[in-house]
Amino acid sequence: MRSASIALCALLVSGAVALSPATASSTSSAPSTSSTSSTSSAPSATRNAFALSSTAFADGGVIPKVHECTSGGGSDPGKRNESPPLTWSGAPASAKSYAIVMRDLDNSNLIHWVIYDIPASTTSLPQNVDHAYRPSAPAGARQVYYRGSASLYGYQGPCSPSTVNTYEFVVHALNESSLTRLNSTSSTRAAAREIAAATIGSARITGES
């Protein structure tokens, strides 16, 4: 009987050893499945990424003179204070409107332009958006009054004649179709706060001037 028990124990031990490599292989294969899934989804995520661009300048490139301010002195005819054309894609499907905020990153993040209530069906802005509270295009949009080197609604171009500054353009996808708490007297900072609070996604580019 004792010899039979010893034989049975030996059989059980050898069976456990034989099974262990299969168990380890199964465990190690699990991460590779996840990695494959992640890799295969990456191209789709890249294609659908929220992106902002301009035909006027590349991201990080030089902003053309036509987009520079006209209130910094001098009489250069190339400076026209025209807002640059902007195009975006891949925004969240739930976006109800868009807003764009432009800042001078080298001058205490000074806000140069705020345009909001851009319809959700819009994916671009033309060059030289009207300097008006309610510009003609895009229809329905509103702009904040700029108080600084100039006093006007809408875009105030780069004004750094003695230095090269970095200007940031950010398009925000919002969860509201209209920022009703803002009006024609709202400040750029108040508008930026309202936009930040309603943002569900954003994309940015920068330019040098």
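**Entry 1: the cysteines.** I began with Cys 159, which is partly exposed, with a relative accessible area of 26%. For my own reference, buried means under 20% relative accessible area, exposed means over 50%, and partly exposed is in between, with a 1.4 Å probe and protein chains only. Cys 69 is buried, at 6%. I found that Cys 69 and Cys 159 form a disulfide, with their sulfur atoms 1.8 Å apart; the term covers a pair of cysteine sulfur atoms within 2.5 Å. The pair links distant parts of the chain, 90 residues apart. Cys 69 lies in the loop between strand S2 (61-62) and strand S3 (86-89), and Cys 159 in the loop between strand S9 (151-153) and strand S10 (166-174). By this rule I count one disulfide.

**Entry 2: ground rules.** I am reading a predicted model, where local features need pLDDT of at least 70, side-chain atom pairs count only at pLDDT 80 or more, and totals for chains, interfaces and linings use all residues. Residues are numbered from 1 along each chain as its sequence is written, and side-chain values use heavy atoms, with hydrogens and water left out. Strands (E, at least two residues) are DSSP runs, numbered from the N terminus.

**Entry 3: strand S4.** I looked at S4 (residues 97-104) next, and seven of its eight residues are buried. Which strands pair with it, given that pairing takes at least two DSSP bridges? Seven bridges join S4 to strand S5 (residues 110-119), and the two run antiparallel. Eight bridges join S4 to S10, again antiparallel. I noted Ile 100 opposite Ile 115 in S5, and Ala 99 opposite His 172 in S10. The hairpin of S4 and S5 has five residues between the strands, and there Ser 108 takes a positive phi near 60°.

**Entry 4: the cores.** I used nonpolar core for a set of buried Ala, Val, Leu, Ile, Met, Phe, Trp, Tyr and Cys residues joined through side-chain atoms within 4.5 Å. The largest has 23 residues, and Trp 88, Ile 100, Trp 113 and Phe 169 have the most contacts inside it. S3, S4, S5, S10 and strand S11 (199-208) each supply at least two residues of this core, and S10 gives the most, with four. Apart from this core lies another, of 14 residues, among them Ile 111, Leu 182, Ile 195 and Ala 198.

**Entry 5: back to Ile 100.** Leaving out residues up to four places away in sequence, I see Ile 100 touching Leu 86, Trp 88, Trp 113, Val 114, Ile 115, Ile 118, Leu 125, Val 170 and Val 171; contact here means heavy atoms within 4.5 Å.

Conventions:
Pairing = 2+ DSSP bridges.
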